[in-house]
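Hello,

Here is the structure I promised to pass on. Please have a look at it first, and my notes follow below.

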Amino acid sequence: MDHPELPAVATVQAGLDLEEAWRSFLPFEALHHLHDICNPIGPEDLEAVITALAPVAGDRVLDLACGHGELLLRLAERTDISGLGVDLSPWAIRRAVERSRGRPLRGTVEWRVGDALAESDPDRWDIVVSLGAAWLWGGFAETAAALSSLTKPGGRLAIGDLRLRSEADRAELAEAGSPTAAADTGPEQKDVLRGYGLSPLREVIAAEGAYWSYLRLAAAAAEAYAAVHPEHDYRAVADLWLEEFRQEQRHLRWTVWVVRKESARS
């Protein structure tokens, strides 16, 4: 398979099969190459997350499953942070590097092709974020535990994930046999966070329609990619995403919790 070269400034996690990563994440590239933000949140809500994280000069920031790096770049534009963006997709890291060129950064950002699950330096970072990748750790609670373990006491975290609108939505989804019924409600997510010694600072709920915009752009990206690379046609995948969300969107919201780690407990 042909693919571009990884920019020399990007690093590769030790032991990672880079050629396999290029192959595995081609569908992500096809479905997301038009996105600035690779999750269902708009620019205004992303700014709200950044404001709640309250970055200050000298903060060390880790963005796991960073996509095209927009959150980390905006943090570095705001203040003199030292950031690291990690994503298992070399396509995404390549785009993050490209997008960082010419941005008015006050801080510094490094990019790494790597598995977020392999980042394990405890109590190292002032800010740790992961938006839309809770499935990597197995769910919201597991993500909160993993990110907390990487964060210094007093540091801040941001976790983005779907949640149920209410208990009634869980009951309706369960009756329909949907696996989404296993998702948490907002209050349940808050209880999870507090159980890990994380104090909620703000819940940023994505604007109505943000998920639709994200999925429609994925469909447009798949269409554009297939026009140039007909052998890599992922339009059916984008259509499936749209149909699944069309059936369940009235039961769900996409939300980002910004929290503070209050103790050394993880």
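Predicted model: local features only at pLDDT ≥ 70, side-chain atom pairs only at ≥ 80, totals over all residues.

**A helix pair and a pocket**

The axes of α3 and α4 come within 10 Å of each other and cross at roughly 55° (axes are lines fitted to C-alpha atoms, for helices over the stretch in contact, with angles from 0 to 180 degrees between N-to-C directions). That angle is why α3 counts as oblique to α4 (under 35 degrees is roughly parallel, over 145 roughly antiparallel, 65 to 115 roughly perpendicular, and the rest oblique). From α3, the contact uses P43, L46, E47, V49, I50 and T51, and from α4 it uses E70, L71, R74, L75 and R78; contact means heavy atoms within 4.5 Å. By class, this contact has 6 nonpolar, 1 polar and 4 charged residues (Ala, Val, Leu, Ile, Met, Phe, Trp, Tyr, Cys and Pro are nonpolar, Asp, Glu, Lys and Arg charged, and the others, Gly among them, polar).

α3 (43–53), α4 (70–78) and α10 (210–228) each give at least two residues to the lining of the second largest pocket; helices are DSSP runs of H or I, at least four residues long. α10 supplies the largest share of that lining, 4 residues. The lining divides into 9 nonpolar, 4 polar and 5 charged residues.

Residues are numbered from 1 along each chain as its sequence is written, and side-chain values use heavy atoms, leaving out hydrogens and water.

Best wishes
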